[in-house]
Amino acid sequence: MRLSEVFAQRIEPTSVVLPAPKRLETAVDHVLKRWPDVFAEPSENDRETLVAELKRRLDDWSWSDAKISFVNQAAVALFDRERRSRADLEHVRKFFYEEAATNRSRTFLGNAVQVYIGSFVKGAVHTRRLSEALTNQIPHLSGRSRKLMKSFPAFFDSNRIAMEVAARMKDAERPFQELKSLGFNKPHAPGLLDHAHLEFLEKLDLRTHTDIEKLFHWLHPDGQLAKQSGASEAIEALLAPWLDEDPQEDVKRFLIDHLTESYGDIRINPGSAWINVSEQAKQVLLRWLTGESMRFLFDVLTDTQDSHMWSERRRFWMDQYDRGNISAAWVAFDPRGHKLARKNLGREKNLPFGRQVSHASDDGNKSLLIMKVGQRIIVEGTYNFKVHIYAKNDPEAPKLYQPNYDCADIRRDRRKRVGSGFVKIGPEERKMHLGDWQGYLRSRYPEMF
């Protein structure tokens with residue numbers, strides 16, 4: 001007895017499939033949205049056990065108490081990344097191809113279609129064999145599988161389907177919702193939809209606001225988690241056009257907000273999506289975030305500082321940023337500035353910053369700007385805080401992107417035991433904001449300014 005015959009004993013008889021009237025199709029759509037096809041996704045810990053049991057049953061040809069739910073779960077494990085090419089499972093995969101081509105159980109076939117989607121690798125033997133087997137079963141498919149066939153005539157053409165899906169995504173304003181409406185229950189699922197994702201990136205002009213916005217509708221749709229698989233390629237594609245020039249301010253702002261909201265601030269909370277992004281692309285975003293942090297600091301402090309000296313510092317340091325001399329910057333607000341910053345976040349809703357937490361009477365009201373200029377760390381501050389310049393690659397210099405800084409600790413020289421003696425720890429130079437302090441810094445450190 002074949003497995004298909006075992007299943008046939010437990011399912012309703014099949015009938016001739018007639019073209020559905022429009023009213024019935026609409027009703028089916030409502031049912032699929034409310035009760036999507038059940039796809040048996042086994043846990044990682046159970047997968048090897050499931051495949052081993054399927055292999056045992058096949059080798060012993062023991063199906064008398066086999067449940068279709070078991071076979072469906074084992075099939076998912078059989079074709080996952082770890083097992084779909086294993087030589088010892090070749091005859092088990094062959095068995096599944098034969099069942100996929102002949103079995104009339106709609107539950108089994110619906111799961112087989114999902115296995116095809118989830119394990120899809122363009123050009124791979126297993127994908128081609130699954131597509132060939134299921135092509136002959138199209139008249140016997142139902143539910144969401146039939147809807148996919150209707151939406152994508154080339155669904156089982158493994159050489160074309162990813163491009164066909166990507167084309168529908170490109171034509172849609174909101175690709176995620178479009179794929180759901182076309183029959184994909186989980187548009188961010190791996191396999192076929194990862195291939196479609198990469199094809200989709202190739203079709204977009206990511207110098208235009210329209211296509212950038214469309215891509216984020218796909219990557220992080222409302223009410224969904226951000227897509228993780230293929231995210232590095234998407235980030236790379238979004239930032240690559242701006243390696244040598246900056247976009248318009250509204251486009252830059254949109255990219256900063258949505259990249260940090262979807263995938264974390266690369267400076268303090270980089271998600272896994274950033275791991276495979278090139279250093280060149282990362283530097284583009286870091287450059288933008290540096291400018292945003294500096295402008296935000298200066299805007300907030302303009303509202304809290306009465307001295308004309310602060311406007312001079314703003315002009316000097318923003319000029320250095322515009323010249324490309326400042327590669328990274330981080331802000332630490334005093335309590336008053338921190339409160340105002342939280343109140344005024346507005347469009348900078350995803351822009352993080354630190355706190356200046358000194359309780360010293362003459363330091364508690366100071367805010368700090370920590371910058372990387374060349375190979376040095378420079379700390380600027382408000383009121384009478386001097387420009388603190390640390391030696392090149394000084395391991396004891398204040399670290400960027402910390403949650404808290406103590407102004408008094410930065411201003412104070414410390415000693416560190418080295419061997420049998422002590423060495424002084426502190427900045428190489430402290431420069432007061434008197435006279436032409438800007439000219440002094442340019443002439444004293446020409447490699448930085």
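These are my notebook entries on a predicted model and what I looked up in it.

**Entry 1. Conventions**

I number residues from 1 along each chain as its sequence is written. The model is predicted, with local features requiring pLDDT of at least 70, side-chain atom pairs counting only at pLDDT 80 or more, and totals for chains, interfaces and linings using all residues, while side-chain values use heavy atoms, with hydrogens and water left out.

**Entry 2. The whole protein**

I began with secondary structure and recorded 19 helices and nine strands. Helices (H or I, at least four residues) and strands (E, at least two) are DSSP runs numbered from the N terminus. I then looked up burial: of the 449 residues in the protein, 49% are buried. Buried means under 20% relative accessible area, exposed means over 50%, and partly exposed lies in between (1.4 Å probe, protein chains only).

The protein exposes about 22400 Å², and carbon and sulfur atoms supply 50% of that area. Accessible areas come from the Shrake-Rupley method with a 1.4 Å probe; for residues, only the protein chains shown count as cover. For contacts with a separation of 6 or more, I noted that 66% join residues 24 or more positions apart. A contact here means heavy atoms within 4.5 Å.

**Entry 3. The largest pocket**

I looked up the largest pocket and noted a volume of about 1100 Å³. Its lining comprises 49 residues, of which Gly118, His188, Ala189, Pro190 and Gly191 are the closest to its centre. The elements giving two or more residues to this lining are α6 (106-118), α8 (143-151), α11 (192-203) and α13 (231-239).

The search ran on a 1 Å grid over the protein atoms alone: a pocket is an open set of points with protein on both sides within 12 Å along at least five of seven lines, a cavity is a set where a 1.4 Å probe fits but cannot get out, and lining residues have an atom within 4 Å of a point. Grid points are joined across faces, edges and corners, and a volume is the space filled by probe spheres set on the points.

By class, I recorded 20 nonpolar, 15 polar and 14 charged residues in the lining. Ala, Val, Leu, Ile, Met, Phe, Trp, Tyr, Cys and Pro count as nonpolar, Asp, Glu, Lys and Arg as charged, and the others, Gly among them, as polar.

Gly118 is partly exposed because its relative accessible area is 34%. Leaving out residues up to four places away in sequence, Gly118 touches Pro190 and Gly191. The C-alpha atoms of Gly118 and Leu192 are 6.3 Å apart, although 74 residues separate them in sequence.

**Entry 4. Ser358**

I located Ser358 in the loop between β2 (354-356) and β3 (368-373). Ser358 counts as buried because its relative accessibility is 7%. A polar atom of its side chain lies 3.2 Å from the backbone nitrogen of Ala360, and the Ser358 side chain makes a polar contact with that of Asp406 at 3.5 Å. A polar contact is a pair of N or O atoms within 3.5 Å; within protein, one must be able to donate a hydrogen and the other to accept it, and residues adjacent in sequence count only if both atoms are side-chain atoms. Beyond four places in sequence, Ser358 touches Asp363, Gly364, Tyr405, Asp406, Cys407 and Ala408.

Most residues other than glycine have a negative phi. Tyr383 is partly exposed, at 38% relative accessible area. Phi of Tyr401 is near 65 degrees, and Tyr401 sits in the loop between β5 and β6 (404-405).

**Entry 5. Further residues**

I found His338 in helix α17 (residues 335-343), buried at 13% relative accessibility. Apart from neighbours within four places in sequence, His338 is in contact with Phe333, Phe353, Gly354 and Arg355.

Arg412 lies in the loop between α18 (407-411) and β7 (414-418) and is partly exposed, at 46%. Not counting residues up to four places away, Arg412 touches Ile425 and Arg430.
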